[in-house]
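Reader: Could you walk me through this model, with the cut-offs spelled out as we go?
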Amino acid sequence: MLMLPKSRILRRRIDFQRVHRFGKSYSNRYLVLYVLTASGLEDKVGFAAGKKLGNAVTRNRVKRLMRECYRLNQDNIKKGYCILLVGRKSAVGKKYDVIERAFLDLGRKAKIFGR
RNA sequence: UGAGCGUGAAAGACAAUCGCUGACGAUGAUAUCGUUUGAGGAAAGUCCGGGCUCCACAGGGCAGUGUGCUGGAUAACGUCCAGCGAGGGUGACCUUAGGGAAAGUGUCAUAGAAAAGGAAACCGCCUGCUUGACCUGUCAGGCAGGUAAGGGUGGAAAGGUGCGGUAAGAGCGCACCAGCAGUCAGGUGACUGGCUGGCUUGAUAAACCCCACAUGGAGCAAGACCGAAUAGGGAAGGAUAUGAAGUGGCCCGCUGACCUUCCGGGUGUGUCGCUAGAGCUGUCAGGCAACUGGCAGUCCAGAUAAAUGAUUGUCACCGCUUCGGCGGAACAGAACUCGGCUUAUUGAUCACUCAUAGC
């Protein structure tokens with residue numbers, strides 16, 4: 001099932017800081033991906049879109065697209081990773097398929113996908 | 001048809017698949033299933049005003065701050081409605097921080113002779129005396145006066161225009177206009193209109209100020225509850241029932257015993273507040289209107305790194321088109337909650353005005 005309940009999403013400020021600080025980072029034009037292993041936050045995910053991206057509407061849009069990317073591809077991701085996705089400025093106004101391709105590209109670089 | 005002026009509806013619809021928040025129910029044991037619910041006109045800026053919470057259900061005075069034509073609406077307002085005055089526009093209509101300048105103080109640069117209380121003589125105009133010239137009543141100069149008509153400076157020169165008057169002039173006199181004071185009439189009132197009077201008073205109060213009215217402070221990170229919850233403890237310093245501290249300016253009044261700094265240690269980013277309200281819809285009545293009242297119906301987000309989404313298709317809308325299609329669709333995301341204001345922005349409809357043409 002491709003569900004993503006609230007309990008799987010990072011909530012606390014400290015957790016975000018930890019993944020950002022100690023996780024390995026990969027990036028391309030649209031996204032930045034942080035991956036952290038053996039943290040106590042296994043199989044959790046966080047999404048971030050900074051003030052640079054624009055107002056609340058555009059930031060929300062980017063976050064929702066990132067969440068869909070993770071949700072629809074989570075079966076391919078190996079267990080035990082804590083992932084943080086950050087949107088970059090060029091992701092504003094892009095359609096879903098563009099963002100998904102960017103996400104899959106980063107996932108292959110980080111070798112988080114099974115098979 | 002063109003230009004304009006007001007008004008300001010609506011903010012694409014439906015379906016499929018996958019997914020999220022809350023509520024309810026079930027299984028059940030913290031997960032799953034089912035039903036249902038889920039952004040705006042500005043949710044924004046945080047600029048005013050209320051509710052609510054705590055401080056004394058907040059009291060007296062001063063200071064400070066705010067408001068400032070009139071009448072009304074309202075829980076309240078700096079908002080709204082209806083008017084009045086002033087200004088702008090051919091007009092529809094728009095703008096308006098619009099109390100007081102004889103309570104007092106200040107400012108009015110430069111220019112100009114003179115810039116504030118009845119001022120000021122630079123040029124000019126007029127009179128008298130006098131000197132010189134000659135064509136013997138004219139010109140030129142000097143002195144003493146009069147004069148605010150004319151010139152020039154300025155944003156503004158001490159009412160304006162005209163007639164009379166005068167040596168020349170002057171509200172010196174008169175008429176009209178503006179203004180002031182009084183009075184009469186109309187209007188709840190701002191004010192408007194008439195009459196009479198004496199003749200005249202600069203601008204600035206978004207300069208201080210005066211007057212009238214209003215105003216205690218902080219804000220949901222308010223505040224309350226929980227198993228230790230601004231805990232409890234140690235050290236240093238200070239104060240002390242002759243008053244610590246609080247009441248976020250001061251005095252009074254009230255409450256009535258601690259306060260500041262450091263050390264060390266632990267525990268929550270818990271639960272409530274948190275959505276039924278000056279609510280929404282319809283209708284009737286009153287009112288020019290803002291709005292008020294009655295009746296009926298209805299329940300309509302409650303998150304907390306923050307749900308309300310993603311993709312696809314069909315039909316509408318707009319633009320381009322080789323008629324196959326392709327592209328576009330604004331501003332913008334609830335955070336205790338209402339009433340406004342302001343700013344951003346797609347945009348009908350309706351009413352009206354002006355110009356031109358036709359009938």
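Author: What follows takes up the sheet, then the helices, then the surface near the RNA. This is a predicted model, in which local features need pLDDT of at least 70 and side-chain atom pairs count only at pLDDT 80 or more, while totals for chains, interfaces and linings use all residues. Residues are numbered from 1 along each chain as its sequence is written, and chains are lettered from A and ligands numbered from 1 in the order in which they are written.

Reader: In what order do the four strands of the sheet come?
Author: The four strands form an open sheet in the order 1-2-4-3, with mixed pairing; here helices (H or I, at least four residues) and strands (E, at least two) are DSSP runs numbered from the N terminus, and two strands pair if DSSP finds at least two bridges between them. Strand 1 (24–27) and strand 3 (45–48) are the edge strands, each pairing on one side only.

Reader: And how do strand 1 and strand 2 pair?
Author: Strand 1 and strand 2 are antiparallel, paired over four bridges, and they make a hairpin with three residues between them. Serine 25 has tyrosine 34 of strand 2 as its bridge partner.

Reader: What about strand 3 and strand 4, which way do they run?
Author: Strand 3 and strand 4 (residues 81–87) run parallel and are joined by four bridges, and alanine 48 is partnered with valine 86 in strand 4.

Reader: Switching to helices, at what angle do the axes of helix 2 and helix 3 cross?
Author: Their axes come within 10 Å and cross at roughly 55°, where axes are lines fitted to C-alpha atoms, for helices over the stretch in contact, and angles run from 0 to 180 degrees between N-to-C directions. That makes helix 2 oblique to helix 3, since angles under 35 degrees count as roughly parallel, over 145 as roughly antiparallel, 65 to 115 as roughly perpendicular and the rest as oblique.

Reader: Which residues meet there?
Author: Leu65, Met66, Glu68 and Cys69 of helix 2 meet Tyr96, Ile99, Glu100 and Phe103 of helix 3, with contact taken as C-beta atoms, placed from the backbone, within 7 Å.

Reader: Last topic: how many residues surround RNA strand B?
Author: RNA strand B is surrounded by 27 residues, the closest being Met3, Lys6, Arg13, Asn55 and Tyr96; a residue is near if its C-beta atom, placed from the backbone, lies within 6 Å. Helix 2 gives the largest share of that surface, nine residues.

Note on methods: Two residues are in contact if their C-beta atoms, placed from the backbone, lie within 7 Å.
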